[in-house]
Amino acid sequence: MLNLGIRGSITITDSDHIEVSNINRQFLFREKHLRKPKSSTAAAAAIIQMNPYLRDHIIARLDKIHDSTEHIYTDLFFEAQDIITNALDNVPARRYVDKRCVNAPKLLLESGTLGPKGHVQFIIPFQTEQYGSSNDPVKEGDIPNCTLKMFPEETFHSVLRRQQTFKRRIKLFKNKPNSFEDCIKWARGKFQKYFVNDINQLMYTYLEDAKTKDGNLIWTMPKRPPKPIQFDLENETHQQFVSTFAFLRAKMFGLETNKDSRTKSYRQQVAKQANLITFPEWQPSEEKKKSISDKVKEQGQKEEAEDNESNQNQSTQEETQQLFKQFRSLLPINLQSDEFEKDNDQNGHIDFIHSFGNLRAANYKLETMDWLTVKIKAWTNCSCFSYYCCSCWFINNKINQDIKKMSQFQI
Amino acid sequence: MEEHKPVERELTEEERQKYDRAGFIGHQVQKRLLASNILIINMTGSNTELAKNLILAGANITIVDNQVINDRDTDTNFLFTKQLLGEKRGKIAQEELKMINPLVKIDWLEQLPSEDDHVIWYQYNGLVTSTTDFDEMIKYDNFSRKNNIPYYNLVCCGYYGFMYVGLGQKFTYEREKKIILQIVFGKKLEDQDRYREFEEVIAHSVPLEETLNYNYKPQGMIINIIYYCILMMKKAQEIPELKAYDPYQPNDELLDRFTQIGKEIFRNANGKDATEEQVATFRNFARLYGVDYCPVYSVIGSVASQELIISTSRINEPALNWFCYDSEQCYGQVEVIQDIKSFQIRDLPERKQLIPKE
């Protein structure tokens, strides 16, 4: 394809880097190219493998084509091109490039694939319609947050919700673990919270025969009333949940983990240990009841930013001093940050989403989803929920900033 | 020889990770690909594209090529660079393709296995060639029909290209029934509550020469101009000077004769003269016959690889008999030139399954 005239030039830009799952179809990349930038590797392969005359004629860049890079991809840049071609993975980016090509005006060759289907579209100035002129029918639309959290209709929602949780940071400092046993205890506690206590609280807020203001039953399809599930040390999904959760927590705090942690026998062992932990009887909480019904009324649109530690930076000096004392007592903390990596099965990320999603599905008597399907779904949502636990790093940073600020108050 | 029964192989952990992005082809198809072996003769441009696509999907291949890399190979084929001039083409192809996917098996032979060795031939799920000689095509086609091995021939001719498909005398595959309406208890079922039903089809291919019978016009459909070009080449190759025509030594007088044959065939088939544009297509086709041109052989190779995945796994409907591609019109079409109504169809009630909710 690149046997163009020697006088011309090609500019390739791609901010992405090569991953394991790319190699099975992006045939210019080999195992040795992992984690290198896609654009420069492709350019090198084209020059060395296919046509050495291209050597000074290919420019490889790592920028997105976006509002923010308008100073790089200026109008002058677009006007200097003959053809622009797309291999983008989302519609907003396509619309942006289309807009720039219409303004220039330049020929745009747009394309895309989805499974066994694909399309190529030529957008020629003054001859064809532009890309943005037609819209595909809206398939799914945004799923309201309350649906994800309390009223999941599909196992898919459950899985999505778990990814969101995975993304958010929960208060870890107070319960810093010192050994793997602590992690197991914490994981079992989380099981109790998510699949027993929270469910009990929800059903306390909205009783099974509760009615809305108009007199209609709240719990009509597609809303399903959930039931709490008892921890069963023989149940494989329960085993997977507790051992994966404990594993991730241990990794985060730099504790030693067993390399056989994904084997069945190890998981059974962990579950046995977890089973020994007992919990007090659940008590309903009026405060939580109010906060749940408030959230549902507002449609819970806002992302749960209030969970984020940054909100603990209260306005009063006293409270901040308190917080600083707490943090200081817990130092030194060694936190490992982890990016959500869907391809490496050993890191437990997909295990986590799979077990969590299926347990939530069990609460709502939804169909379970097998491990492989979860992985595929996680991939499709990767572009929306890219990074988990980078907020671990963020909090680490935040703590350091806070410490610097606090030292000014002379405690 | 009995037709090949599909064999499956379970995926290892590494393979599961590697091929999970192609999950849409189906788990069963993937397992059958891993246990397959496809014989490819001569690494021309289109065959190289085909080989690359097959190994990326997980299929194993055997290359039969005893030729040496020359200038034309390095100018058109992305696998061969200038430093490799003079090396054995099959050996280099084997090494380069192995680097693209180290998990598949890639063999290299200098000669075809003996025709009578049924044991060896039984292991191959498909036979691919890239020959421009119609006599050779017919020879391979007869062999494929006798031994019931699917046969594909890919040819690139500059701006045009085509692929011949022969599935053997007996080819059994499974396909989903096309159900327009399902009514249960007097109620029409919505999409998400539908059942998927399957049937088994026993297909057979007619010999290659019969598929060059333009009198068979299925339901009055208009046939692609490239198909007439193929007819033209077949007829022209009966004349020795035209058969020996070398695209790299253009000869206007011979090209005129090609075009004349093409015009006659078109007139006999359609009762009217070909337009000027169509006559120009005839001429260009003959002028560039067999010349590898990257974008076009890429299309032919890709279509062929997809078809080989279908015919190897025997799940889904494979195409018959010719695929014609015209890059000037940006138009590709499958020409079915045989009676497919005679295929035996058998219901498979045991495979009935509910469509999973997405």
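Trainee: What does B:Leu97 touch?
Mentor: Taking contact as heavy atoms within 4.5 Å, and not counting residues up to four places away in sequence, B:Leu97 touches B:Met43, B:Ala51, B:Lys52, B:Ile55, B:Ile61, B:Ile63, B:Leu79 and B:Ile106. Bear in mind that this is a predicted model, in which local features need pLDDT of at least 70 and side-chain atom pairs count only at pLDDT 80 or more, while totals for chains, interfaces and linings use all residues. Residues are numbered from 1 along each chain as its sequence is written, chains are lettered from A and ligands numbered from 1 in the order in which they are written, and side-chain values use heavy atoms, with hydrogens and water left out.

Trainee: Which residues have the most contacts inside the largest nonpolar core?
Mentor: They are B:Ile61 and B:Leu97, in a core of 51 residues; such a core is a set of buried Ala, Val, Leu, Ile, Met, Phe, Trp, Tyr and Cys residues joined through side-chain atoms within 4.5 Å. Helix H13 (residues 294-313) of chain B gives the most to this core, namely seven residues, where a helix is a DSSP run of H or I with at least four residues, numbered from the N terminus.

Trainee: Why does B:Leu50 count as buried?
Mentor: Buried means under 20% relative accessible area, exposed over 50% and partly exposed in between, with a 1.4 Å probe and protein chains only; B:Leu50 has 0% relative accessibility, and therefore counts as buried. B:Leu50 is found in helix H3 (residues 45-57) of chain B, and the residues that it touches include B:Ile40, B:Val128 and B:Leu308.

Trainee: How do you know that helix H7 of chain A is close to its expected span?
Mentor: The expected span is 1.5 Å times one less than the number of residues, and H7 (residues 236-252), which has 17 residues, reaches 24 Å from its first C-alpha to its last, close to the 24 Å expected. H7(A) is also mostly covered, with 14 of its 17 residues buried.

Trainee: What caps the N-terminal end of H7(A)?
Mentor: A:Asn235 does, through a side-chain oxygen that lies 2.8 Å from the backbone nitrogen of A:Thr237. After H7(A) comes A:Gly254, whose phi is positive, near 70°.

Trainee: What pLDDT does chain A average?
Mentor: On this scale of the predictor's confidence in each residue, from 0 to 100, chain A averages 73, and 68% of the residues score at least 70. Over residues 1-5 of chain A, however, the pLDDT is below 50.

Conventions
Helix = DSSP H or I, 4+ residues; strand = E, 2+ residues; numbered from the N terminus. Polar contact = N/O pair within 3.5 Å; in protein donor to acceptor, adjacent residues only side chain to side chain.
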